[in-house]
Amino acid sequence: MRHFLKEFWVEVAFLFIAIVVILLSILHVNVLAMFSGLVNFFWDFLAEFSFSDYVRIVLVLMVGTILAWRACRRFTRSERYLGDQCPKCGSPLKRVRRVRRDRLLSKILLIPLHRYCCADSVCGWIGLKKPGRHQKNREEEAFEVRDSL
Ligand SMILES: [Zn+2]
């Protein structure tokens, strides 16, 4: 199902829109009135803010963006991200399968992240690092194929 949605998401989205349009026409919903009501609602909502409120919102967004950019830049230059050994004990790393939140985080931060675990079972470190900094083996290449699907 997941592969099907990934492959045909455009078709599924247009099919969903077509079904909604057919349902709205069957139920005789006035789409134009509904749309103008939504626009009016958002327009009234935006009109409640003053100019200084907008300035504050823009400043908070700017500061948040700059802080996030700096934190991301600091992380991508750190040894924890770049190093090819366990940051806790210095042992070699093994690549493990990413979980959904890892892929989401990688897309949000716009940096490639792969999940690794420490080869030393006593250490137990598991974390995200830059991919491709260590020797690949067949098992890891299989992970890359499955991860890219
Ligand atoms: Zn370790």
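1. Two strands are said to pair if DSSP finds at least two bridges between them. Helices (H or I, at least four residues) and strands (E, at least two) are DSSP runs, numbered from the N terminus. By this criterion strand β1 (residues 93-95) pairs with β2 in the antiparallel sense, over 3 bridges.

2. The model under discussion is predicted: local features need pLDDT of at least 70, side-chain atom pairs count only at pLDDT 80 or more, and totals for chains, interfaces and linings use all residues. Residues are numbered from 1 along each chain as its sequence is written.

3. The chain contains 7 helices and 3 strands. Read from the N terminus, its elements follow the order α-α-α-α-α-β-α-β-β-α.

4. Strand β2 also pairs with strand β3 (residues 126-129), in the antiparallel sense and over 4 bridges. Residue C117 of β2 is the bridge partner of K94, and C117 also stands opposite I126 in β3.

5. A residue is buried if 20 or more other C-beta atoms, placed from the backbone, lie within 10 Å of its own. Buried residues amount to 6% of the 149 residues in the chain. Strand β2 (residues 114-118) is mostly covered, with 4 of its 5 residues buried, whereas helix α3 is hardly covered, the count of buried residues among its 17 residues being 0.

6. Helix α3 spans residues 31-47 and reaches 24 Å from its first C-alpha to its last, close to the 24 Å expected at 1.5 Å a residue. The expected span is 1.5 Å times one less than the number of residues.

Notes. Buried ≥ 20, exposed ≤ 12 C-beta atoms within 10 Å, placed from the backbone.
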